[in-house]
Amino acid sequence: MSEMSHINLSQIICTRISHDLIGNIGAVSNAVELLEEGDADFMDDIRSILKVSSAVLSARLKFFRMAFGLSNANLENREIIIETCKNYVETLSGQKNNPVCLKMEIAASPRYGRMTMLGVMLLTDILIRGGTVSIAEAEGKLALAVTSDFALSADKIENIKSIFTGAVPENQAQYAPAFCLKALQEEQNLSLRVLPGEGFALLIG
């Protein structure tokens with residue numbers, strides 16, 4: 001473990017985004033190669049690959065742009081945040097054996113817009129076989145929780161907790177949303193607490 005002051009957020013974010021996009025970019029490249037070969041037998045497969053992969057890339061790029069990019073008006077628009085998070089979660093369906101349910105009750109205040117999106121990404125990372133991610137904003141605080149009928153990733157939970165106490169796990173890029181959430185919390189001088197109970201829950205504000 002090293003100190004938080006030694007991390008480079010831009011490198012961590014870039015590596016995580018690249019990791020989350022590369023699979024579908026590769027699928028599109030393979031589909032284009034098949035298309036160039038002109039084999040009619042593969043046209044249905046090519047169309048399916050291009051349709052699915054382009055939809056995933058579009059949804060993830062929009063989500064990453066809002067979650068990690070420069071501030072913009074969309075981060076204060078409740079409907080856009082909810083729709084963008086919903087579309088992002090749908091791109092994860094192939095990685096989980098069971099659906100991920102997203103419940104959001106937010107006001108999209110300027111303070112919490114980006115934190116909401118980072119929270120969605122952080123909590124879905126903890127799920128192994130599906131579950132429920134809940135984000136709620138009330139009384140000036142942001143509550144984030146994840147529950148599942150199956151086991152959560154204990155290693156990821158422990159690493160996230162260590163990040164919130166100022167430590168840095170070895171696989172930094174995997175925890176890009178946790179590092180960014182911690183940085184925003186400190187920048188805005190907000191409290192951040194891991195709540196006791198089943199699953200994993202945070203309270204910010």
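## Salt bridges along the helices

Asp-44 and Arg-47 pair up through their side chains in a salt bridge, with N to O at 3.3 Å. This is a predicted model, so treat the distances here as computed values. The two residues sit three apart in helix H2 (residues 43-68), which puts about one helical turn between them. Asp-44 is out in the open: its relative accessible area is 59%, and that makes it exposed.

How many salt bridges does the structure hold? The count is seven. Here are three of them, side by side:

| Salt bridge | N to O distance | Helix |
|---|---|---|
| Asp-44 and Arg-47 | 3.3 Å | H2 (residues 43-68) |
| Arg-16 and Asp-20 | 2.8 Å | H1 (residues 9-37) |
| Glu-186 and Lys-182 | 3.4 Å | H6 (residues 176-187) |

Over in helix H1, Arg-16 and Asp-20 are four residues apart, again about one helical turn.

Helix H6 has its own pair, with Glu-186 and Lys-182 four residues apart, or about one turn of the helix. Glu-186 comes out as partly exposed, at 46% relative accessibility, whereas Lys-182 is buried, at 10%.

As for the general idea, side chains of opposite charge can pair when their charged atoms come close.

Note on methods. Residues are numbered from 1 along each chain as its sequence is written. This is a predicted model: local features need pLDDT of at least 70, side-chain atom pairs count only at pLDDT 80 or more; totals for chains, interfaces and linings use all residues. Side-chain values use heavy atoms; hydrogens and water are left out. A salt bridge is a side-chain nitrogen of Lys or Arg within 4 Å of a carboxyl oxygen of Asp or Glu. Buried means under 20% relative accessible area, exposed over 50%, partly exposed in between (1.4 Å probe, protein chains only).
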